[in-house]
Amino acid sequence: FITLAMNFMFNFFKLSLFRFPEFSFSQNNIFRHACATPLTILMSNLEEDMVDSNDKSRLSSSVEAVNKLTKIIGSVTENKVVNEKFEVCAAINEVLCLFYEKIDEGCISSRVLVNKKIFLVGNKLYFQEALTCILNNSIEAYGEVDKKPINIILRKMGALLRIDITDYASGMNLVMKRLVLLNGVSTKSKGTGLGLSFVKKTIEEKFFGTMSINSAVNFGTHVALTIPLLKLCNQSP
């Protein structure tokens with residue numbers, strides 16, 4: 001009975017209260033959302049003393065932010081989706097580098113259970129932005145606490161690549177877990193409402209995979225991404 005009631009409430013909100021159009025991969029939306037994290041990092045870094053070249057992590061974070069902005073601008077101005085073959089581990093490391101200024105590096109625990117030479121074919125920008133959205137949500141769910149532990153596990157399951165991202169923050173109840181997947185719905189006062197709906201659409205429509213969310217209030221949230229691997233001639237076994 002409880003499950004039926006929750007489904008009814010979700011459909012009611014979806015059809016009656018939140019009449020948002022289905023998410024479309026417009027370049028304007030991607031540009032606006034993807035620029036937020038690197039621009040914030042650049043502003044905070046450059047306001048500090050960037051002359052101190054001894055701070056290697058700060059310099060590395062700024063370089064990655066600039067590189068990402070360059071790719072975003074190129075993607076928007078070309079007005080087309082570029083499919084490319086890219087190394088998964090390298091793409092994830094670039095994303096993690098962006099977060100060195102937002103979270104203590106020691107709080108992010110990553111386990112790579114695959115050969116590092118494993119590839120995906122698709123839009124690398126969209127893939128990295130999907131991961132950025134998940135990590136941003138995890139960090140912001142912790143609020144103002146100092147330590148923000150996040151676990152990332154990368155593994156290969158047969159012909160599938162699986163990425164698990166887990167935080168131990170505020171979590172969501174069953175209603176909010178369903179609502180945040182709607183385009184335009186955000187749990188944050190300044191949120192765009194693009195985050196998890198963007199991630200879901202990206203994984204499903206751009207990489208033909210699936211996304212699942214498990215969350216509980218005061219226990220945290222676990223997001224699992226499963227993406228089929230193409231049979232590339234040099235793909236790791």
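**Reading a predicted fold**

Modeller: Let's begin with Glu205, which counts as partly exposed because its relative accessibility is 40%. Buried means under 20% relative accessible area, exposed means over 50%, and partly exposed lies in between, using a 1.4 Å probe and protein chains only. This is a predicted model, in which local features need pLDDT of at least 70 and side-chain atom pairs count only at pLDDT 80 or more, while totals for chains, interfaces and linings use all residues. Residues are numbered from 1 along each chain as its sequence is written, and side-chain values use heavy atoms, with hydrogens and water left out.

Colleague: Which residue meets Glu205 in a salt bridge?

Modeller: A salt bridge here is a side-chain nitrogen of Lys or Arg within 4 Å of a carboxyl oxygen of Asp or Glu. The partner of Glu205 is Lys201, at 3.4 Å from N to O. Both residues sit in helix α7, four residues apart, or about one turn of the helix.

Colleague: How many helices and strands are in the chain?

Modeller: Helices (H or I, at least four residues) and strands (E, at least two) are DSSP runs, numbered from the N terminus. This chain has seven helices and seven strands, in the order α-α-α-β-α-β-β-α-β-β-α-α-β-β along the sequence.

Colleague: What share of the residues is buried?

Modeller: Of the 237 residues in the chain, 43% are buried. The buried residues in α4 are Val88, Cys89, Ala91, Ile92, Val95, Leu96, Cys97 and Leu98.

Colleague: Are Glu129 and Lys68 buried or exposed?

Modeller: Glu129 is buried, at 2% relative accessibility, and Lys68 is buried too, with a relative accessible area of 7%. Another salt bridge runs between Glu94 and Lys124, with the closest N and O atoms 3.4 Å apart. Glu94 lies in helix α4 and Lys124 in helix α5, so this pair ties together parts that are 30 residues apart in sequence. Lys124 counts as buried, at 13% relative accessibility. Elsewhere, Arg155, Arg162 and Asp164 are linked in a network of salt bridges.

Colleague: And rings: how many aromatic pairs does a search of the whole structure find?

Modeller: Rings of Phe, Tyr and Trp (its six-membered ring) pair if their centres lie within 6.5 Å; planes under 30 degrees apart are stacked, over 60 edge-to-face, and the rest tilted. The search finds four pairs. Phe86 and Phe127 form a tilted one, 5.4 Å centre to centre with 45 degrees between the planes. Phe86 lies in strand β1 (residues 84-87) and Phe127 in helix α5 (residues 124-141), so the pair ties together parts that are 41 residues apart in sequence. Phe127 is buried, at 1% relative accessibility.

Colleague: Why is the pair of Phe127 and Phe207 edge-to-face?

Modeller: The ring centres of Phe127 and Phe207 are 5.9 Å apart and their planes are at 65 degrees, so the pair is edge-to-face. Phe207 sits in the loop between α7 (195-206) and β6, 80 residues from Phe127. Phe86, Phe127 and Phe207 form one aromatic cluster. Phe86 is buried, at 4% relative accessibility, and Phe207 is buried, with a relative accessible area of 3%.

Colleague: Last one: which residues does Asn214 contact, leaving aside neighbours within four places in sequence?

Modeller: Contact means heavy atoms within 4.5 Å. With those neighbours set aside, Asn214 touches Lys177, Gly220, Thr221 and His222. Asn214 is in strand β6 (residues 210-216), and its C-alpha atom is 8.1 Å from that of Lys177, 37 residues away along the chain. Asn214 counts as partly exposed, at 48% relative accessibility.
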